[in-house]
Amino acid sequence: MWFITFIFANLIGRPARSLLTLSGIAIAVAAVVSLLGVVRGFETSLLDLYQGRGIDVMVQQSGRLQMASSVLPESLGDKIAAVEGVAAVYPSLIEVLSMLPDDMMGVVVQGWPAKSEPLLRLDLIAGGLFESSTAREVVVGKRLAAALAVEVGDVTELVQGEPFNVVGIFDSPNVFDSGSMFAPLGALQELMLREGEVTMFGVVGESHEPGALRDLATRIAAADSKLSADVADDVAQRSTEIRLARSFAWLTSMIAIMIGSVGMLNTMMMAVFERTREIAMLRALGWRRRRVIALIVGESTLLCVAGAVVGIAGAILMVRFLSEMPAAGRLVAGDVAPDVMLQGLLLALLLGLLGGLYPAWSAARLAPVEGLRHD
Amino acid sequence: MTEPLVEADTVSRYFVDGDVTAVSDVSFRIVAGEYVALVGKSGSGKSTLLNLLGGLDSPTGGTIRFAGRDLADFGDPANFRSSQLGFVFQSFHLVSVLTAAQNVQLPMFETDLSARQRRQRAAELLELVGMSHRADQRPQKLSVGERQRVAIARALANRPALLLADEPTGNLDSSTADSIFRLFDSLHGDGMTLLLVTHDKLLAERADRVLTMSDGRLLSDQSR
């Protein structure tokens, strides 16, 4: 018999308790992995969003915490274009509209001039792009099209009583892109009563080298005090939404860890209490303290690893399921990154150690003669 | 003179809780190969003395030497128990989630034996106690006599110098107890040193020597 056989036998021999504890750990790990997985997907998608559109530097109103609240005059585009190292400037108006019933996050509508670089990079799977910057036409992401139940040739109302023709459907591995729509800048400005206003400028640099782009961002910001410029990669990293989501995910994870630890602690304390005589007998047979500790910690760790495997599998299924949901699918990427799964496994091992060490220690210091008398 | 295997020298055990003297100034020697029965009424201090001899408890007075060494010199008492002693308990204390063969292997985890060697040794011991045909059964499937045989096999796992048994037939009917008596006789015949705490007169009569305790003191030490 291997030592681990004894550990297995103890767990299998008490199936109800082992399964309940394993379920608790699996739920804690699934919560952590799915939350962190969603946030990681959110972060990766946001990063890809800018890089995939060929935008190097993003320019917004200085002093604004969130890009969505930035307001700039479109006329500043000429000033930005004149900055040394700028190859192209694309003004953009970003609006979040309520187009779906019971939709808490809204639909992102991006207004760009016709034939601008971000539009040309779209992977169209049906129809085409709008040709005029004032046409009442939209190109819709595949996930959003599914949620709105529209196809090329259909009409959709961006706001009530304001119809736009769907001229194209595009696909994107990026959930934000796929869950959004593109409209001509002029038409969107008119619709939202924001003629002459934009949210940001997307700038393409003559050089795409990171150092050169940071210098370019500095020069653009210096060109006008109303402007704040950041390299696209940094915008994603510094995004308030990302930081909030990350903090929320970790906070929730900490709560899950605490609940998991207490559950494991309770289970292992009960296991030690119920087996007081058995542990005393093992000590009487000559088992050293460290072997008793190895037995108890081994049981808790094995339970946690099994819980982690079930929890990670559950998280993968949950995230996939969420990504298939019409509403959540516009926010959640369908995959959980391997390093997030590893974090879940490490978390489970931590739970096993936290929940097993104290019971193991109390079992190891049990006086055999007292334990053998235990009823 | 033969070197004693166990030597108790004015051993006492006083419990502060309840202000009780369980063992008082007990002295005796046991040489290798002896078959000794420790008898006395309930509360006479026999089990406490057995625990002291087995390193499960420490004396509050006097010294216990094993093969000439003070028990304290063994360091962790678990080392002493693992290398020198075999314990048999009245209520067997077999692990319910393990088979008979696996139960016998438990003390061997503290040795250098490989898993294969542990399995082989357990098979030999079960053969010795006449339980090889029940090796794969869990304790719940065994009769009380069979359980005690498995417990004896487990006590012999690490080739102990001394076998200590606390009321080994206390939970057995007379015919089952008789088979355990014969097993102890056989072990003694093979040279094993035995010290049995018992109420059972029939078992005590089979021993070479009977130590009788009363009120924590050694009342008599009779050899046959």
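The model is predicted, so local features need pLDDT of at least 70, side-chain atom pairs count only at pLDDT 80 or more, and totals for chains, interfaces and linings use all residues. Residues are numbered from 1 along each chain as its sequence is written, chains are lettered from A in the order in which they are written, and side-chain values use heavy atoms, with hydrogens and water left out.

Q: How many residues of chain B are in contact with chain A?
A: Contact here means heavy atoms within 4.5 Å. Chain A brings 23 residues to the meeting, and the number from chain B is 24.

Q: How much area do chain B and chain A bury between them?
A: Buried area is the accessible area (1.4 Å probe) that two parts lose on being put together, summed over both. Of this area, 60% is on carbon and sulfur atoms, and the total is about 2,400 Å².

Q: Which residues in chain B lose the most area to chain A?
A: Three residues together make up 26% of what that side buries. They are Val97(B), Phe109(B) and Glu110(B).

Q: Which residue forms a salt bridge with Arg291(A)?
A: A salt bridge is a side-chain nitrogen of Lys or Arg within 4 Å of a carboxyl oxygen of Asp or Glu. The count between chain B and chain A is 2. In one of them, the closest N and O atoms are 3.0 Å apart, and the partner of Arg291(A) is Glu110(B).
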